[in-house]
Amino acid sequence: KDSSPINFLNSKKNIELKQNLHNGIKVKECSKCWLNEKKDITSLRQRLNGILLQNKTSIKNTWLQSYFKRKDNFLSDDVFMADIKVGNTCNHACVMCVPEASSMVYNEWMKDKNEFFIQEKLKQDPTYLERAALTGYKNKSYRKYIDDICENNKIKVIKILGGEPLLDKYLLSKLKDMPYQQKSSMTLHIVTNGSVNLLETKKYLDGFKNIKFNISLEGIGDVQEYARYHSNWEQLEKNILKFKETNQTNIAIHHTLQTTTVLGLSDLLQWVNNNNLSISFGMCLKPTYL
């Protein structure tokens, strides 16, 4: 909160990190990527390069290769890709979620702070709920943050997460009002729970080079509605399939493996298969009982 993104990228620690990588030193901070690449699994590094370079996982014969050839220092000049979490305002209260990621979960915690697990959390971190309250869309520093991102005409890719980002009218209007020349060379990746009409959102945000939706899905039918409380499976399925009819490659499913939904996984995979959708997986690490 005390530094701009470019100043953070140019901090002493990050300069040293870039120098080490340039000199072929496999630093511990990047161990997961090195390990995946050794096993021929596409790493986060390669995946992010691919997003920036239109599906190429190597910078060879791309504009980035020419950019680095001309570099004579390790300073970052611009931010080309932003991965931003825009707040906790949300219309779902998911079983694996926490107050800083969902306003509905925050409200549930505030209703009964005497619950054992809430008390345990507050013993470890007494100001936790106060900080969570500041992550809503109406926070002034958040608004400035969105303004700064939208005014950076060097950004080529923006990934947006919430809460539920498609509920944020301020964010959507800022994206809509970007100059056409800026939007036409920019791709949006929006991580959403799918409760908002995706086709209407795409029409509203017209002018971007590409808009891709990643739908967080825990299962189908009752499994989805249990794990993502307040989710409506019938409406959600309609939103996904209606969008897919005309935008096949711009929609994908992301599933988080966890104990409450694992027995419904085969049904979800069957549904994904039947509807010719792609799916990626993450692992629920907290809370540990999930």
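What follows are my entries, one topic at a time.

**Ground rules**

I am working with a predicted model, where local features need pLDDT of at least 70, side-chain atom pairs count only at pLDDT 80 or more, and totals for chains, interfaces and linings use all residues. Residues are numbered from 1 along each chain as its sequence is written, and side-chain values use heavy atoms, with hydrogens and water left out.

**Entry 1: helix α4**

I started with α4, which covers residues 44-52. (Helices are DSSP runs of H or I with at least four residues, strands are runs of E with at least two, and both are numbered from the N terminus.) Which residues of α4 are buried? I found Gln46, Asn49, Gly50 and Leu52. Buried means under 20% relative accessible area, exposed means over 50%, and partly exposed is in between, with a 1.4 Å probe and protein chains only.

These four sit on the same side of α4, because they cover an arc of only 165 degrees around the axis. (The arc is that of the directions from the helix axis to the C-beta atoms.) I then looked at what covers them, and the list includes α3 (31-38), α5 (63-69), β1 (81-85) and β3 (157-161).

Just past the end of α4, Gln54 has a positive phi of about 55 degrees. In the loop between α4 and α5 I noted Asn61, whose phi is near 60 degrees, again positive in a residue other than glycine. Asn61 is exposed, at 70% relative accessible area.

**Entry 2: salt bridges**

How many salt bridges does a search of the whole structure find? It finds 11. To count, a side-chain nitrogen of Lys or Arg must be within 4 Å of a carboxyl oxygen of Asp or Glu.

- Arg45 pairs with Glu37 at 3.0 Å, N to O, and Arg45 is partly exposed at 38%.
- Glu120 pairs with Lys123 at 3.4 Å, N to O. Both are in helix α7 (residues 116-124), three residues apart, or about one turn of the helix. Glu120 is partly exposed at 28%, while Lys123 is exposed at 61%.
- Glu218 pairs with Arg228, with the closest N and O atoms 2.9 Å apart. Glu218 is in the loop between β5 (210-216) and α13 (222-227) and Arg228 is in strand β6 (residues 228-229), so this pair ties together parts that are 10 residues apart in sequence. Are these two buried or exposed? Glu218 is buried at 1%, and Arg228 is buried at 11%.

**Entry 3: the second largest pocket**

Next I checked the second largest pocket, which has a volume of about 730 Å³. My note on the method: on a 1 Å grid over the protein atoms alone, a pocket is an open set of points with protein on both sides within 12 Å along at least five of seven lines, and lining residues have an atom within 4 Å of a point. Grid points are joined across faces, edges and corners, and the volume is the space filled by probe spheres set on the points.

The pocket is lined by 21 residues, and the closest to its centre are Cys97, Val98, Trp109, Phe117 and Pro287. Which element gives the most to the lining? That is α7, with four residues. By class, I get 14 nonpolar, two polar and five charged residues. (Ala, Val, Leu, Ile, Met, Phe, Trp, Tyr, Cys and Pro count as nonpolar, Asp, Glu, Lys and Arg as charged, and the others, Gly among them, as polar.)

In α6, I found Ser103, Val105, Tyr106 and Trp109 buried. They line one face of the helix, because they fall within an arc of 155 degrees seen down its axis. What covers them includes β2, α7 and α8 (128-133).

Pro99 lies in the loop between β2 and α6, and it is buried, with 0% relative accessible area. Leaving out residues up to four places away in sequence, Pro99 touches Asn88, Val105, Tyr106, Trp109, Tyr128, Leu129 and Ala132. Contact here means heavy atoms within 4.5 Å.

Gly162 and Gly163 are joined by a cis peptide bond, with omega about 20 degrees. Last, I looked up His230, in the loop between β6 and α14 (233-246). Its phi is positive, near 85 degrees, and His230 is partly exposed at 45%.

Technical notes:
1 Å grid on protein atoms, 1.4 Å probe; cavity = no way out; pocket = protein on both sides within 12 Å on 5 of 7 lines; lining within 4 Å.
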